[in-house]
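Visitor: I would like to go through this structure term by term. Please give the cut-off each time and then the conclusion.

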Amino acid sequence: MNPKQRNRLILITVIVVCVGIAVTLAGIALKENINLFYNPTQIAAGEVPKDASFRVGGLVVEGSVRRNPGDLKVTFELTDGAEQVTVHYEGILPDLFREGQGIIAQGRMNAEGHVNASEVLAKHDETYMPPEVQDALDKAGNIEDAAAPGTSSKPAKGY
Amino acid sequence: MLAWLHRLASPKRFHGLAGFFITWCGWGALVLFASGLYYSLFNSPPDYQQGESIRIMYIHVPAAWNSMFIYITMAIASLFVLVWRIKAAAAVARACAPLGAMFTFLALATGSLWGKPMWGAWWVWDARLTSELILLFLYLGFMALQSAIEDKDAAARAAGVLAIVGIINIPIIYYSVEWWNTLHQGATITLSEKPKMNTDMFISLILMSLAFKFYFVVAVLRKARNEMLEREQNSQWVKEMLGGSDERK
Amino acid sequence: MSVNEFFHMGGHGFYIWVSYGLALVLMVTAFIPPIFQERKLIKQITRRLRREQREQS
């Protein structure tokens, strides 16, 4: 490598390192804004905006889904393992919405500290398997260890 | 080592090597696409939660992997352009950009088509989706810069700087699902852990991913070889190659 | 499994077939032009070389 080429290589390395540092700092500064949603714990701690729309993410608590007969109104609880928050929603829920599923709801806080959601999105995890395997796991009763989305290995993370 | 590199990257040698890879990777891509499509459409089970829509994954994930792989290829080729002024590398980098943009677009579009029925939204501004969109703009910026500068060598160098600086976006895309709360799920297949999916699903995904990679190798070399031929049309080796076959007539 | 069932894909047919179709269309459209470009290029260069040869002799 002649000196000219070495200088070019050094210059490029310096540029990449500098931009890398700048992006890292920007990422750390914006960390909260880049997060798509708040946890129920953060809501309980009062970290969410009072008068603006925000997103909350968590697992739908088993047995908490109450549908209004006659219309599309639905109420359910979200948990991240530590805290819970009640969500009201009116509309069509995504295919993946079910109890125990991770979901993200967008909405505002109401006076009782519940969330009035205008949009509900389902979050699935990175585990894929055929239905028969899931049935077998259910029968064996070790659903928690094996595959239930979000309820298993890392409940607090991402929800 | 560098002398070897220059010899390897000499236009004549590049032309020969490209021809070899185009032929063999072309056949490889055909076989892989045939078996990959058979597996992904007929021979893999539906998902326990997502049903048949899981099959979109066999297009979406290979496209997304390609979008990042092509960017890395483009950035490395640009490094060879900037530091060692290798012409073949410039041709490869230039050929990469539209293919990379295409796979990025395909990943975004199929992601949308998967997200609508499963998540309930075509698009959300989460970190994974946004950083992948930035990747598309990096490709488009690279192409715009290439065509904005008249002199081809200067254009390759200017765009090369953009490509190399933009490489920072690649780890951001990859780790976005771990660093931030996103709607997008984490990685199913990692080097450190057993894939969290059924074997037939895994085979489908790997076959399709390899097919996409082979397709890229063939497509990029075809484009790069054409560009080299056009630029080098007055050099001795082109005259020998094309003029020689002519004399025999 | 009937043909209809296969295309219906448990109600997700639209999303799945648009995905596969889009992939096919994009990859084919990106692949064709360089093939014709190469043929044209070789024809052009050969013709020019032949002309130059004739002029020399």
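Predicted model: local features only at pLDDT ≥ 70, side-chain atom pairs only at ≥ 80, totals over all residues.

Guide: Residues are numbered from 1 along each chain as its sequence is written, and chains are lettered from A and ligands numbered from 1 in the order in which they are written.

Visitor: How many helices and strands are there in chain C?
Guide: Chain C has 2 helices and 0 strands.

Visitor: Why is chain C called more spread out than a compact globule?
Guide: Its radius of gyration, taken over C-alpha atoms, is set against a globule rule of 2.2 Å times the number of residues to the power 0.38. For 57 residues the rule gives 10 Å; chain C has 23 Å, well over that, so it is more spread out than a compact globule. The C-alpha atoms fill a box of roughly 75 × 20 × 5 Å along the principal axes.

Visitor: What percentage of chain C is buried?
Guide: Buried residues are 14% of its 57. Buried takes 20 or more other C-beta atoms within 10 Å of the residue's own, exposed 12 or fewer, and partly exposed lies in between; C-beta atoms are placed from the backbone. In chain B, 49% of the 249 residues count as buried.

Visitor: What makes C:Met9 partly exposed?
Guide: C:Met9 has 19 C-beta neighbours inside 10 Å, so it counts as partly exposed. The residue lies in the loop between α1 (3-8) and α2 (13-56) of chain C.

Visitor: How do you know that the length of α3(B) agrees with its residue count?
Guide: The expected span is 1.5 Å times one less than the number of residues. For the 28 residues of α3(B) that should be 40 Å, and the end C-alpha atoms are 40 Å apart, so the two agree.

Visitor: Why is α3(B) called mostly covered?
Guide: Of its 28 residues, 22 are buried.

Visitor: What is the secondary structure of chain B?
Guide: Chain B has 9 helices and 0 strands. The C-alpha trace spans about 65 × 40 × 30 Å along its principal axes.

Visitor: How many residues of chain A are in contact with chain B?
Guide: 34 residues of chain A are in contact with 35 of chain B; contact takes C-beta atoms, placed from the backbone, within 7 Å. On the chain A side, α1(A) gives the most, with 9 residues.

Visitor: By class, which residues make up that side of chain A?
Guide: There are 21 nonpolar, 8 polar and 5 charged residues. Ala, Val, Leu, Ile, Met, Phe, Trp, Tyr, Cys and Pro count as nonpolar, Asp, Glu, Lys and Arg as charged, and the others, Gly among them, as polar.

Visitor: How many residues does the contact between chains C and B take?
Guide: It takes 24 residues from chain C and 29 from chain B. The chain C side divides into 16 nonpolar, 6 polar and 2 charged.

Conventions: Helix = DSSP H or I, 4+ residues; strand = E, 2+ residues; numbered from the N terminus. Contact = placed C-beta atoms within 7 Å.
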